[in-house]
Amino acid sequence: MEKVITLEKALKRIEELENENAELREELEYYKNRKLSGRQKHNAKWMAIYNDFVAGYESGMTMIEIARRNNVSERTIYRYKAYYDKMRKVEVAE
């Protein structure tokens with residue numbers, strides 16, 4: 001047994017769905033354009049400091065020297081070192 005829908009009801013439902021889609025598109029734009037809070041991992045600034053860390057670390061600089069040179073905390077440099085060690089393990093495993 002099929003459900004009988006009149007043309008008027010179908011057009012009204014289409015209009016409701018189009019309005020709902022418009023609202024959802026607005027909400028999607030909000031989420032696309034919002035600034036994410038917290039540390040932005042692997043953005044351009046992060047990569048620049050990481051690359052400088054790698055160069056300094058591999059040339060024998062201390063963690064404190066690298067931190068001061070990049071104007072970041074020692075804790076940040078140790079996070080870079082943890083990432084560096086993780087990447088080296090991946091390279092060795094391959």
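Arginine 13 and glutamate 16 both sit in helix 1, 3 residues apart, about one turn of the helix. Their side chains meet in a salt bridge, with N to O at 3.3 Å. A salt bridge here is a side-chain nitrogen of Lys or Arg within 4 Å of a carboxyl oxygen of Asp or Glu. Arginine 13 is partly exposed, at a relative accessible area of 45%. Glutamate 16 is also partly exposed, at 38%. The burial classes are buried (under 20% relative accessible area), exposed (over 50%) and partly exposed in between, with a 1.4 Å probe and protein chains only.

The model is predicted: local features need pLDDT of at least 70, side-chain atom pairs count only at pLDDT 80 or more, and totals for chains, interfaces and linings use all residues. Residues are numbered from 1 along each chain as its sequence is written, and side-chain values use heavy atoms, with hydrogens and water left out.

The secondary structure comes to 4 helices and 0 strands. From the N terminus on, the order is α-α-α-α. Helices (H or I, at least four residues) and strands (E, at least two) are DSSP runs, numbered from the N terminus. The protein has 94 residues, of which 17% count as buried. It exposes about 8,200 Å², and carbon and sulfur atoms supply 53% of that area. Accessible areas come from the Shrake-Rupley method with a 1.4 Å probe; for residues, only the protein chains shown count as cover. Among contacts between residues at least 6 apart in sequence, 49% join residues at least 24 apart. Contact means heavy atoms within 4.5 Å.

Helix 1 spans residues 7-33 and includes isoleucine 14. Leu7, Leu11 and Ile14 make a nonpolar surface patch of about 300 Å². Patches are made of residues with over 30% relative accessible area and no salt bridge; like charges are joined within 9 Å, and nonpolar side chains (Val, Leu, Ile, Met, Phe, Trp, Tyr) within 5 Å. Isoleucine 14 is partly exposed, with a relative accessible area of 43%.

The largest nonpolar core holds 12 residues: Trp46, Ile49, Tyr50, Phe53, Val54, Met63, Ile66, Ala67, Ile77, Tyr80, Tyr83 and Tyr84. Helix 2 (44-58), helix 3 and helix 4 are the elements that give two or more residues to this core. Helix 2 supplies the largest share, 5 residues. A nonpolar core is a set of buried Ala, Val, Leu, Ile, Met, Phe, Trp, Tyr and Cys residues joined through side-chain atoms within 4.5 Å. Phenylalanine 53 is one of the core residues. Leaving aside neighbours within four places in sequence, phenylalanine 53 is in contact with Met63, Ile66, Ile77, Tyr80, Lys81 and Tyr84.

Lysine 81 is placed in helix 4. With a relative accessible area of 18%, lysine 81 is buried. Beyond its neighbours within four places in sequence, lysine 81 contacts Phe53, Tyr57 and Met63. The lysine 81 side chain also meets that of aspartate 85 in a salt bridge, at 2.8 Å from N to O. The two residues are separated by about one helical turn because they lie 4 residues apart in helix 4. Aspartate 85 is partly exposed, at 31% relative accessible area.

The structure holds 5 salt bridges. One of them joins glutamate 58 and arginine 88, whose closest N and O atoms are 3.0 Å apart. This pair links distant parts of the chain, with glutamate 58 in helix 2 and arginine 88 in helix 4, 30 residues apart. Arginine 88 counts as partly exposed, at 29% relative accessibility.

Asparagine 71 lies in the loop between helix 3 (63-70) and helix 4. Asparagine 71 has a positive phi of about 55°, although it is not a glycine. Most residues other than glycine have a negative phi. Asparagine 71 is exposed, with a relative accessible area of 71%.

Threonine 76 belongs to helix 4, which covers residues 74-93. At 15% relative accessibility, threonine 76 counts as buried. The threonine 76 side chain makes a polar contact with the side chain of serine 73, at 2.9 Å. A polar contact is a pair of N or O atoms within 3.5 Å; within protein, one must be able to donate a hydrogen and the other to accept it, and residues adjacent in sequence count only if both atoms are side-chain atoms.
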